[in-house]
Amino acid sequence: MDPETIIVVDFGGQYNQLIARRVRECNVYCEIASYRTPLEKLLEKKPKGLILTGGPSSVNEENAALCERKLFESGIPVLGLCYGAQVMMHVLGGEVRQADNREYGRTQAWLDTSSPLFEGLPEDNPVWMSHFDYISRMAPGFQSVSHTDNTPVAAAQCPQKGLYCIQFHPEVLHTENGTKMLFNFVRNICGCSGSWRMDSFIEGSVESIRGKVGNGRVLLALSGGVDSSVAAALLSRAIGKQLTCVFVDHGLLRKDEGDEVEAIFGEKGKFDLNFIRVNAQDRFYDRLSGVSEPEQKRKIIGEEFIRVFEEEAKKIGAVEFLAQGTIYPDVVESGLGGESVVIKSHHNVGGLPKNVEFKDLIEPLRDLFKDEVRKAGLKLGIPERLVFRQPFPGPGLGVRIIGEITPDKVRMVQEADAIYREEVAKACDLWREENAPDHTRDADTGGNTDRIPDADELFIRNRGSVPPWMPDQYFAALTNMRSVGVMGDERTYDYAVALRAVRTVDFMTADAAEIPFEVLKRTMSRIINEVRGVNRVFYDLTSKPPGTVELE
Ligand code: XMP
């Protein structure tokens, strides 16, 4: 789509997606490809530069992940990072050895600012190291351009051949000016002009969707989450009424969520598409009645969802295309690196419907990261409150009500959750007023201010747009416990609500967020006063592991 592409060659490091994101923050389009991808295939994309990532192995191991020497001789600038730096040295005749101790954490590096990589940076610069092996001898033709107390070669270059390597991690925020180093590489050394913008992405996608779909019809399961909503908005711009969105309200959504989704995408909303809302609450409640085992609940919700969706699809008749909101991390995580079609098991659907026939799949967001999806959503006119929604599980409140689900319990958890979200939002607004953030300041992006704050990224926290205690996900759940209380002169015997709030980067591990006590107290007091059937509120302090984020 954009001729100026950087390819991140993936050696299995944990920060690979972060590298790609940082490159895109420099307004340069970027893709990730496995190190196993044959060089010819990489070159077909005509990349302006290659970045070799970190990785878990050692170049000296048998069967180590390596690349061909030819990769460094193609004339395309290459930057090796961490393990990628060692690969470059090893393949080109340098030497990599195991150190006595692993170097891990923040350390001070000296930078040779006459190197194009470090142009405009201070000579003393804190960096983030994470390595066991180190470069003990550089490959012929290289010169060292950075060192630390423990690492003689923290960066090296061979500018005549366009080869650069850095032992530390410029992509993580602990490395100060890290994005500027990547900016120097992609914009100055590779010569990318920085023309990649969300607008051009949207225009390009609209054109390619039109080309692919022709006069065909497209069906999309809209959940009201960020990804499917942005996919809907983009498809609507491209093909209007050729798109039909089916929104299944399973009765386990947050308070008023069904109406909010309808207000945005329904007939009175601003998008040009066919919107079908299926109010299937009773069906779901019926099937869930008497069921208390968590996995069985999930299974029933997933199956019923598919069934409803299939029934609607049947009513619509033949469709040529099924669309999904698959995003780039879904593609990369499945290990296919964009080389073949990935079928995301739709969170709400638990797999693609089997009885809906379609010719092809359309995944208009499969090149975007989450914050880019959000940015596209804003550009396409989706309201901010939807675009910045926190993650919400497909089975919805079904996994936030412990034990059997009843309509009355759904009401309790919906109301408690709405109060909790309101109180957290108020506390955030107050914090913002007091701390007057400067949203445009971002010294670490090579001067790029064309960015939308991304609520679930640590670095935004550092920039001060949300309070330091801001959870990545928070919600109320209904425990299955009833206890005695007193209200007025009356004895009560009611349910207990659990408030959950977690801080996490990837949702694989999480810690309880430290929401200020006064916010929790206000929330507790409002829940007990306003939600009939609840007389006690707990705060869940459990981290993950051993707990999970959701309660079931
Ligand atoms: P757990 O409870 O597994 O949650 O620690 C991790 C993250 O995943 C979300 N989650 C789900 N999302 N379908 C989803 O789409 C599910 O069945 C599901 N279960 C958990 C959860 O909200 C959290 O963000």
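Me: How many bridges join strand β3 to β4, and which residue stands opposite Leu79?
Reply: In this predicted model, strand β3 (residues 49–52) and β4 run parallel and are joined by three bridges. Within this pairing, the residue that stands opposite Leu79 of β4 is Ile51.

Me: Which residue in β9 is the bridge partner of Val78?
Reply: Strand β9 (residues 163–166) pairs with β4 in the parallel sense, over four bridges. Val78 belongs to β4 (residues 78–81), where Val78 and Gly80 point one way while Leu79 and Leu81 point the other way, and all are buried. The bridge partner of Val78 in β9 is Leu163.

Me: How many disulfides does a search of the whole structure find?
Reply: A disulfide requires two cysteine sulfur atoms within 2.5 Å, and the search of the whole structure gives none. For Cys67, the nearest cysteine sulfur is that of Cys165, 12 Å away. For Cys190, which counts as buried because its relative accessibility is 9%, the nearest cysteine sulfur is that of Cys192, at 5.5 Å. The number of disulfides found is therefore zero.

Me: How is the aromatic pair of Tyr29 and Trp196 classed: stacked, tilted or edge-to-face?
Reply: The two ring centres of Tyr29 and Trp196 are 5.7 Å apart, with 45° between the planes. Tyr29 lies in strand β2 (residues 29–34) and Trp196 in the loop between α4 (178–189) and α5 (198–213), so that the pair links parts of the chain 167 residues apart. Planes under 30 degrees apart would count as stacked and those over 60 as edge-to-face, so the pair is classed as tilted.

Me: Over which ring does the charged end of Arg400 sit?
Reply: Arg254 has its charged end over the ring of Phe392, 4.0 Å from the ring centre. The charged end of Arg400 likewise sits over a ring, 3.7 Å from its centre, and that ring belongs to Phe475.

Notes. Residues numbered from 1 in each chain as written. Predicted model: local features only at pLDDT ≥ 70, side-chain atom pairs only at ≥ 80, totals over all residues. Heavy atoms only, no water. Buried < 20%, exposed > 50% of the residue type's maximum accessible area, 1.4 Å probe, protein only. Helix = DSSP H or I, 4+ residues; strand = E, 2+ residues; numbered from the N terminus. Pairing = 2+ DSSP bridges. Phe/Tyr/Trp six-rings, centres within 6.5 Å; stacked < 30°, edge-to-face > 60°. Lys NZ or Arg CZ within 6 Å of the ring centre and 35° of its normal.
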